[in-house]
Amino acid sequence: MKNFKGYFVDDNSEDLTIFSELLSEIDYSESSLKVEGIRLIGESKLANNIVDSQPNILFLDFRLDDNLQANNMNNDQGYKGGSLAQNIREKITSGNNSIKDFPIVLVSAENNIEHLYKPDRTAHDLFDSCYEKEYLNDRKNHNKLAKKIIGLIKGYQTLNNMNAESLDFKQLFGNNLDDETKSILDQQAIRSPLKSTNIPHIRAKFILKNILRREGILLSRYEIAARLGAMPDSLDTVVFDRLEGFKYSGVFSEGWERWWANSFDEFLATLVGYRPFSLTSRERVEKINGILGCSLVPAVSQWTKTTDEKAVFACTLCRQPTEIKNSLSVFDPSLLSFIQKKRICNYCIKNGYETKDIEVDDHDKKFVKTIMEQDI
């Protein structure tokens, strides 16, 4: 069993105890994590102490300036989690090669924590993940949470052992890379950002943001289900066994289950005999079930409530299979060439997508009014 250590920083003494203990007690399967709660002191000194102690992971509350007096600090000494994270990142970047980088996770009671973590905001560059305290408190999330935490820790360990000169894409992205996948990864839009820096957290940000958290080069199980024309919950061991040969095994894979898109599309076309996206979800699933002997359930359109639509991708909000004709493009200011453009299904548009910080692309906004007026 691998033993890891982490720190949790919070200005609230009660939360400090609760969440440091909670994060330590989660079942991390073949690993263990001991998280120590740290009380506030001056920002620079605290940043130095953390960097010098070399944790495997750091958890930071966003609002660190609500209980200054309880921490023997005055208003002039207050700072927030983003400022502390920036201070730590700068110390690691300017330090010697013996200082190891580590993931920083934003933890907060903020209801709009995802808004703070939007890709176009500075916080997105500072934190590797973000979680509401309410999410951490819910035991049903702990299995997924444990995988992502260990995935971040091990991913940073991998990145800490690489530099620009020795950056090996096979070592970074897994050993099961065929020639086509190697060619895809060697495109300038990927190669240049990863080879132009030796700083692990900058490489981590690029990989997490553009490759693992976005459909495109890799596919999530939701996108796999959509392309199969199936409900995500119906994916069974028969299907996953057939996908095992092109499952992603590279950096951060412990926390993000993904499959190579090019290999999956080739597998699907070979399986059916052609690219099956002209088939309805019901027709597609019937054909695949007959060939594989699996028990996929046809995707039900969120909009028409039938299985006779042609699901081709997962909605960026509800993650259910949906169709081009019953969805709109999402505005995406930083779309790289290898990333699949996000779309949001009509059902989510009609049911309050604005509260999720999603903006419909200007080219499709003319359709929103019509969708809102339709009955479902």
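User: Is Asp101 buried or exposed in this model?
Analyst: Happy to start there! This is a predicted model, in which local features need pLDDT of at least 70, side-chain atom pairs count only at pLDDT 80 or more, and totals for chains, interfaces and linings use all residues. Residues are numbered from 1 along each chain as its sequence is written, and side-chain values use heavy atoms, with hydrogens and water left out. Buried means under 20% relative accessible area, exposed over 50% and partly exposed in between (1.4 Å probe, protein chains only), so Asp101, at 4% relative accessibility, is buried.

User: Which residue forms a salt bridge with Asp101?
Analyst: A salt bridge is a side-chain nitrogen of Lys or Arg within 4 Å of a carboxyl oxygen of Asp or Glu. Here the closest N and O atoms are 3.2 Å apart, and the partner of Asp101 is Arg89.

User: How many residues apart in sequence are the parts that Asp101 and Arg89 tie together?
Analyst: Helices (H or I, at least four residues) and strands (E, at least two) are DSSP runs, numbered from the N terminus. Arg89 lies in helix 3 (81-94), while Asp101 lies in the loop between helix 3 and strand 4 (104-108), so the pair ties together parts whose separation in sequence is 12 residues.

User: Which residues of helix 3 are buried?
Analyst: Arg89 has a relative accessible area of 4%, so Arg89 belongs to the buried group. The buried residues in helix 3 are Gly81, Gly82, Leu84, Ala85, Asn87, Ile88, Arg89 and Ile92.

User: What is the distance from N to O in the salt bridge of Lys133 and Asp10?
Analyst: Both partners are buried: Lys133 has a relative accessible area of 7%, and Asp10 is at 1%. Their side chains meet in a salt bridge with an N to O distance of 2.7 Å.

User: Where in the structure do Lys133 and Asp10 lie, and how many residues apart in sequence are the parts they tie together?
Analyst: Lys133 lies in helix 6 (residues 133-137), and Asp10 in the loop between strand 1 (2-9) and helix 1 (13-25). The pair therefore ties together parts whose separation in sequence is 123 residues.

User: Is Arg221 buried or partly exposed?
Analyst: Arg221 forms a salt bridge with Glu257, with the closest N and O atoms 2.7 Å apart. Glu257 has a relative accessible area of 29% and is partly exposed. Arg221, at 29% relative accessibility, is partly exposed.
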